[in-house]
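Subject: Structure for your review

Hello,

The structure we discussed follows below. My notes on what was found in it come after.

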Amino acid sequence: MTGKAGDEEALVAALKDGNESAFAALVDRHTPTMLRVARGYVPSREIAEEVVQETWIALLKGIGSFEGRSSLRTWLFTVLINIAKRRGMRERRDADVAVMAFTGGTVDPARFRGSDDPYPGHWLPNEVPSPFPDTPEGSVLGDELITLARRELDTLPERQRVVVTMRDMLGLDSAEVCELLEISVANQRVLLHRGRAAVRRVLEDYLRETP
Amino acid sequence: MTTGPMDCNELVELVTAYLDGSLDLEDRARFDTHLLECDGCENYLQQFRSTVATVGKIPFDELDPTFRNRLINAFRDWS
């Protein structure tokens, strides 16, 4: 990480001098993830691209005063999210309330024993989860599961999608995600858990049907 | 929060908190104790870990060369 951070410092310094290849290197490094995150806020890829472009231009305009107190990645994502929020067509507040108001479980309650059972709340005998198989890199099943996970991720409610993307695809930690999205630790955890649980459910359904 | 033994339907909602290490010590102990005697939940935890790993393998979209050029041109216009 230190090597990469140092390398990034050198690129930022070169960018301040107007070096185009430094700009291109930073674009290549950060743009794919920026598009992915922007896409969580706006309705189309085209608008996501505009948001990303606006973010890079904001960096160019502000690079002279960029002091590296936060990492470039944090800076980029903070600006990106602000721009994306402004461009977002969907009514975000309603979505937030809906997430927090929903108190149901993430596993079908029909899989657990009822209150009249000696072991209420435990798995019913024919509903006990089985372990997912190991899938070696590049195996057919492994690729199928990745495709399914991706498809499900794209259908998640946007805040869940953004949190799962940041945590599990980009590898940001909980504190970074809370800061970027301005949400509480508890809210972040709920969104992450619901999103992951939805993906798990799809994978399990698929594996149960596959002999 | 209850302090008795943990049931399966409670455990499944705490997996993310467990994996993040953010359960308090009491709940963590109830979680671990339950896992010791419940294969179903052990498997559920394995499924969850496997799910997180699978999401981590989703490839990023390729950077579209046309869009990349647009960004580089924006740089040239600016500098």
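Arg167(A) counts as buried, at 12% relative accessibility. This is a predicted model. The side chain of Arg167(A) meets that of Asp20(B) in a salt bridge, with 2.7 Å from N to O. Arg167(A) belongs to helix H7 of chain A, while Asp20(B) sits in the loop between helix H2 (15–19) and helix H3 (25–37) of chain B, so the pair joins two chains. Asp20(B), at 29% relative accessibility, is partly exposed.

The interface

The rule finds four salt bridges across the interface of chain A and chain B. Residue pairs in polar contact between the two chains, both at pLDDT 80 or more, number 19. On the side of chain A that touches chain B, at least two residues each come from helix H2 (20–38), helix H3 (45–62), helix H6 (140–155), helix H7 (158–169) and helix H9 (185–209). H2(A) gives the largest share of that side, ten residues. Sorted by class, the side of chain A that touches chain B holds 30 nonpolar, twelve polar and 15 charged residues.

In total, 57 residues from chain A and 44 residues from chain B take part in the contact. The area buried between chain A and chain B is about 4,600 Å², and carbon and sulfur atoms give 63% of that area.

Chain A

Chain A has nine helices and zero strands. Its C-alpha trace spans about 70 × 40 × 30 Å along the principal axes. Chain A has 211 residues, of which 46% count as buried. Taking contacts in chain A between residues at least 6 apart in sequence, 62% join residues at least 24 apart.

Salt bridges within the chains

Over all chains, the count by this rule comes to 18 salt bridges. One of them pairs Arg29(A) with Asp7(A), whose closest N and O atoms are 2.6 Å apart. Arg29(A) is in helix H2 of chain A and Asp7(A) in helix H1 (residues 2–16) of chain A, so this pair ties together parts 22 residues apart in sequence. Both ends are partly exposed: Arg29(A) at 26% relative accessibility, and Asp7(A) at 32%.

In chain B, Arg30(B) forms a salt bridge with Glu10(B), and the closest N and O atoms are 3.0 Å apart. This pair links distant parts of the chain, with Arg30(B) in helix H3 of chain B and Glu10(B) in helix H1 (residues 8–11) of chain B, 20 residues apart. Arg30(B) is buried, with a relative accessible area of 7%, and Glu10(B) is buried as well, at 19%. There is also one network, in which salt bridges that share partners join Arg111(A), Glu127(A), Arg200(A), Glu204(A) and Arg208(A).

Cysteines

How many disulfides does the structure hold over all chains? The count is zero. For Cys38(B), the closest cysteine sulfur is that of Cys41(B), at 3.7 Å, which is too far for a bond. The cut-off for a disulfide is a pair of cysteine sulfur atoms within 2.5 Å. Cys38(B) is buried, with a relative accessible area of 11%, and Cys41(B) is buried with a relative accessible area of 0%.

Regards

Key
Residues numbered from 1 in each chain as written. Chains lettered and ligands numbered in written order. Heavy atoms only, no water. Buried < 20%, exposed > 50% of the residue type's maximum accessible area, 1.4 Å probe, protein only. Contact = heavy atoms within 4.5 Å. Buried area = accessible area lost by both parts, 1.4 Å probe. Polar contact = N/O pair within 3.5 Å; in protein donor to acceptor, adjacent residues only side chain to side chain. Helix = DSSP H or I, 4+ residues; strand = E, 2+ residues; numbered from the N terminus. Nonpolar A, V, L, I, M, F, W, Y, C, P; charged D, E, K, R; others polar.
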